[in-house]
Amino acid sequence: MRIVILGCGRLGAHLARQFTQDGHEVVVIDRERDALEALGSDFPGETVVGMGIDAEVLRRAGIERADVFIAVTGYDNTNIMAAEVAREIFGVPRVITRLNDPLRAEIFQELGLKTVSPTALAVEAIRKCLED
Amino acid sequence: MYLIIVGGGKVGYYLSKSLLAEGHEVLLIEKNPRRAAFLIDELGADHVWLGDGCDSSTFAQVGMNRADAVIAVTGDDEDNLVVCLLAKRKFGVPRTIARINNPRNAEIFARMGIDVTVSTTEIIQAQIERALPLRSLVHLLALRRGGIQLVECKVAPGTPADGRMLRELGIPVDALVVMVVRGDQTFIPSGETILKAEDEILAVTTPQSEPVLRRLLLGT
């Protein structure tokens, strides 16, 4: 699969490495060149420097051919906007958005985005620990 | 009307002030406590709400569901989009208006159902294009769907359009000259209209056909 990942922080970088190991074609976008360089010179995927809410930047990352788009920058609203652009403008079949705010994650999930909220997941996991 | 404005920067502040003066019910949402304190001093505590405009709990508290319009004027396009999406899709606000900084976002916002976008960059650019005697197509208005633009220009001497009948010009099918201003005369042209240098033209066009119009009317 061709997977485009927006945001090369801890989560984005981990996903990128994992997916390339799994044999997928991966492109990572970040507005900071340093963040992309941190992937290492042996990173087999592509990298693109730019703002992920810019349709032009997404095109450069080959979003038109992407099977999956994953938005994991640190800013919820950037992730929402990028995900909507990927879904509505480029028709990417599978779009996944990380949202730190659980409430926003719930609402945009209702509105048709596939959202993942690390906050909600952590709360759930910690509660489970206490139950055991 | 009940108008909710999100973003208490310069635009949000002056906009609130003038809408209040017109007698509307206005609530300005600002998340920075220091800025909000200033706004309360200026506009009164009834018209300012300290909170995050992208947070749906704020929206519920300010009675978003009875707002006639939501106007998002923060400095970040993505924040303005999220505010308008929440207002529109979650609270059913009839009119959403967003300020955009990157003019290329206009089409994206329109596709997502945001009713009106105001691009400060484009407004300034259009003013400058008008003020400078450049041979240029001035963008007057972006129509909602399909990226169609209303543009204005002056026919330059010696160009293909100068002295030619409109129908013979080879204007693409997705562009149309809708009005001609010649001296103190204004008319809607037909295929037989012969254009002349210095005619002022209003046309609608897709972005794809803009270069052709530019070449025919301006010779650039």
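**Two chains, one walk-through**

Let me start with contacts in chain A: among those between residues at least 6 apart in sequence, 44% join residues at least 24 apart. By contact I mean two residues whose C-beta atoms, placed from the backbone, lie within 7 Å.

Quick housekeeping. This is a predicted model, where local features need pLDDT of at least 70, side-chain atom pairs count only at pLDDT 80 or more, and totals for chains, interfaces and linings use all residues. Residues are numbered from 1 along each chain as its sequence is written, and chains are lettered from A and ligands numbered from 1 in the order in which they are written.

OK, chain A. We've got six helices and six strands here; helices (H or I, at least four residues) and strands (E, at least two) are DSSP runs, numbered from the N terminus. Reading from the N terminus, the order is β-α-β-α-β-α-β-α-β-α-β-α. The radius of gyration of chain A is 15 Å, close to the 14 Å from the globule rule for 132 residues, so chain A is as compact as a globular protein of that length. That radius is taken over C-alpha atoms, and the rule is 2.2 Å times the number of residues to the power 0.38. Along its principal axes, the C-alpha trace of chain A spans about 45 × 35 × 25 Å.

Of the 132 residues in chain A, 39% are buried. Buried means 20 or more other C-beta atoms within 10 Å of a residue's own, exposed means 12 or fewer, and partly exposed is in between, with C-beta atoms placed from the backbone.

Now zoom in on strand S1 of chain A, residues 2-6. Four of its five residues are buried, so S1(A) is largely enclosed by the rest of the structure. On one side, five bridges join S1(A) to strand S2 (residues 25-30) of chain A, and the two run parallel. I'm calling strands paired if DSSP finds at least two bridges between them. Between S1(A) and S2(A) the chain passes through helix H1 (residues 10-21), and this β-α-β crossover is right-handed. Right-handed here means that, with the strands pointing away from the viewer, the path from the first strand over the helix to the second runs clockwise.

S1(A) also pairs with strand S4 (residues 68-71) of chain A, in the parallel sense over four bridges. So what stands opposite A:Leu6 in S4(A)? That's A:Ala71, while in S2(A) A:Leu6 stands opposite A:Ile29.

Carry on from S4(A): it pairs in the parallel sense with strand S5 (residues 94-98) of chain A over four bridges. A:Ile70 sits opposite A:Ile96 there.

One loop residue to look at is A:Gly40, between helix H2 (33-37) and strand S3 (46-49) of chain A. A:Gly40 counts as exposed, with 8 C-beta neighbours inside 10 Å.

Over to chain B, with seven helices and eleven strands. Its radius of gyration is 22 Å, well over the 17 Å that the globule rule gives for 220 residues, so chain B is more spread out than a compact globule. Its C-alpha trace spans about 65 × 30 × 25 Å along the principal axes. Buried residues make up 31% of chain B.

Have a look at B:Glu198, in the loop between strand S10 (185-187) and strand S11 (200-205) of chain B. Its phi is near 80°, a positive value in a residue other than glycine. B:Glu198 has 13 C-beta neighbours inside 10 Å and counts as partly exposed.

Now, where the chains meet. Chain A gives 14 residues to the contact and chain B gives 15 residues. On the chain A side, helix H4 (76-89) and helix H5 (102-110) each give two or more residues, and H4(A) has the largest share, eight residues.

Last stop, the cores. A nonpolar core is a set of buried Ala, Val, Leu, Ile, Met, Phe, Trp, Tyr and Cys residues joined through C-beta atoms within 7 Å. The largest has 71 residues, and A:Val4, A:Ile5, A:Phe69, B:Ile5 and B:Val70 touch the most other members. Helix H4 (residues 77-90) of chain B gives the largest share of this core, seven residues. There's also a second, separate core of 13 residues, including B:Leu137 and B:Ile201.
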